[in-house]
Amino acid sequence: ASHTVRVDLAERSYDILVGKNLLAQSGPLATDLLNRKKCAVVTDSNVAPLYAQIVLDSLTSVGITPTLITVPAGEPSKSMAVVEDINRQMLRAGLDRKAFLIALGGGVIGDLAGFVASIFLRGIPFIQIPTTVLSQVDSSVGGKTGVNTPEGKNLIGTFSQPALVLADTATLATLPPREYREGFAEIIKHAAIRDAAMFDLITKTATDSTLLPDLIARNVAIKARIVEADEHELNGTRALLNFGHTLGHAIEATAGYGQLFHGEAISLGMIAATHLSVQHSGLPLSDAEEIFALLKLYQLPTQLPSSLLTDPILKHMQHDKKFSEGQIRFVLLRDLGEAFLTKDLTLAHLTSALEHLR
Ligand code: NAD
Ligand code: ZN
C-alpha cells in the first residue's frame, strides 16, 4: 500500500508518495503533474545500472524524451564543477525552460540535482526520487539543495521545493548494509524528538521489512510537519532536527569524512545528547536506555573510535555555526518524543558527555 504525505508550504504544496515499486510509475505521475515533454534524469554511477532504465522506460512510455546524466557516485560530486557540467550537458541536449528534471539517487544526487534544477535557465521543476534510507526520510524532504566547497559542506545552495517526491522503498533492498543502517540514525532521531510511539515500529522493522513503507511514511510526515512550521529555519522548530548533530558533526569531521558515516557519527552524538538530557532536563534513564537499545539493534556505534581524542572534537565544535559567542545552541530531550533547544550548556558539559562514549 502506498502512502501520500502532503507538504503545505506558503508558496508551494506538493506530495511525497511512499510505497513499493513507484519507479515504474514515474512517467505517468510526472505527466499528470507537469505535462512536460522533455526531462533530464540525473543519477550516479551506482544507481544508474540498477534503476535508470526502469525510470527512462516509464518516461518514454508516456511520450517524454529523457536525457540521462550520470555523475560519479560519492560526496565529491556535490561540487560547483559538477553543477556546471550538468547544466552544460542539459543545454547541449536541447533542454529548455519547458523541461523538468528528475533527481534519482541518494542525498548527494538530491542536493546536487535539486540545485541544478533551481538555477538551470533560472529554474525548472524537479522531481525527487530518493533511493537511500537517509534521503527518503531526511534530505528529500524540506527543499534544501546545494553543494560543497573547500570552505565547507553545503554552504552554497538554495531553498527550492520539488514538484513531487517518490520514495520507492523497494530500492532500499540493494543498499549496502552499512548505508542502510546509517539511515536509521535519522529515523531514531525523529522518534526521539517527536514520536515516542514510533519506537515500537522501528523495532519491528528490524525483522520485518514489509513495514518499511509505513515506517518511511511516518518519518516523512514528521520531517514535513517540522519543515511546514519553519521552512526557512527562522523560528527554531527546524533546529530540533539537529538533535545529536552538534556533537555528531564535530565527531564526523574530526574522524575525517568517510571514516565514520554521517549516521554513525549522529548515533554517537545522540548518545551524548541523551546522557545530557538525563542530567539536565529530567529525561528518565529508562527512556534513555530505549534510545540506546534501538541504536544497538541497528548496529550503530555507541563508542568513539579510540583514535579520536576529545580536544580536536571540542575545537571543531567551536567553529560550528551553532556555537555563537561562547553559547552553544543544543537540542535536549525533556521526554521521549519531546525535544527543546537550550543555550545553557557549556563546553565543560559537552566534554563530560563525550566521556560516555569511551
Ligand atoms: P549518497 O547519495 O552518497 O548515497 C550513499 C551511497 O549509496 C552512494 O554510493 C550511492 O551511489 C549509493 N546508492 C544510492 N541508492 C542506492 C540503492 N538504492 N542501491 C544501492 N546503492 C545506492 O548519500 P546519502 O547518505 O543518501 O546522502 C548524503 C548526502 O545527503 C550528503 O551530501 C548530505 O549533505 C546530504 N543531506 C542533505 C540534507 C538536506 O536537507 N538537503 C539532509 C541530510 C543530508
Ligand atoms: Zn543528519
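Colleague: Which residues of helix 10 and helix 11 meet?

Modeller: In this predicted model, S267, M270, I271, T274, H275, S277 and V278 of helix 10 meet L285, A288, I291, F292 and L295 of helix 11. By class, this contact holds eight nonpolar, four polar and no charged residues.

Colleague: Why is helix 10 called roughly antiparallel to helix 11?

Modeller: Helix 10 covers residues 262–280 and helix 11 covers residues 285–297. They pack at an angle of about 175 degrees, and their axes are 10 Å apart. Angles over 145 degrees count as roughly antiparallel, and therefore helix 10 is roughly antiparallel to helix 11.

Colleague: What makes strand 1 and strand 4 the edge strands?

Modeller: Seven strands form an open sheet in the order 1-2-9-6-5-3-4, with mixed pairing. Strand 1 (3–8) and strand 4 (65–71) each pair on one side only, and they are the edge strands. From one strand to the next, the twist averages 15 degrees.

Colleague: Which strands does helix 4 touch, and what angle does its direction make with that of strand 5?

Modeller: Helix 4 (residues 107–119) packs on the sheet and touches strand 3, strand 5 and strand 6. Its direction makes about 170 degrees with that of strand 5. Helix 1 (residues 26–34) lies across strand 5 (100–105), strand 6 (126–130) and strand 9 (164–168). Helix 1 runs at about 165 degrees to strand 9.

Colleague: Which residues come nearest to ligand 1, and how many residues are around it?

Modeller: There are 27 residues around ligand 1, and N46, G106, G107, V108 and S139 come nearest. Helix 2 (47–61), helix 4 and helix 5 (133–139) each supply at least two residues of this shell.

Colleague: What does UniProt list for residues 69–181?

Modeller: The unreviewed UniProt entry lists them as "domain: 3-dehydroquinate synthase N-terminal". Over residues 69–181, the chain is 34% helix and 29% strand, and the end C-alpha atoms are 28 Å apart.

Note on methods: Residues numbered from 1 in each chain as written. Chains lettered and ligands numbered in written order. Predicted model: local features only at pLDDT ≥ 70, side-chain atom pairs only at ≥ 80, totals over all residues. Pairing = 2+ DSSP bridges. Helix = DSSP H or I, 4+ residues; strand = E, 2+ residues; numbered from the N terminus. Axes fitted to C-alpha atoms, helices over the stretch in contact; angles between N-to-C directions. Contact = placed C-beta atoms within 7 Å. UniProt positions renumbered as here; feature names shortened; annotations may be inferred. Parallel < 35°, antiparallel > 145°, perpendicular 65-115°, else oblique. Nonpolar A, V, L, I, M, F, W, Y, C, P; charged D, E, K, R; others polar. Near = placed C-beta within 6 Å.
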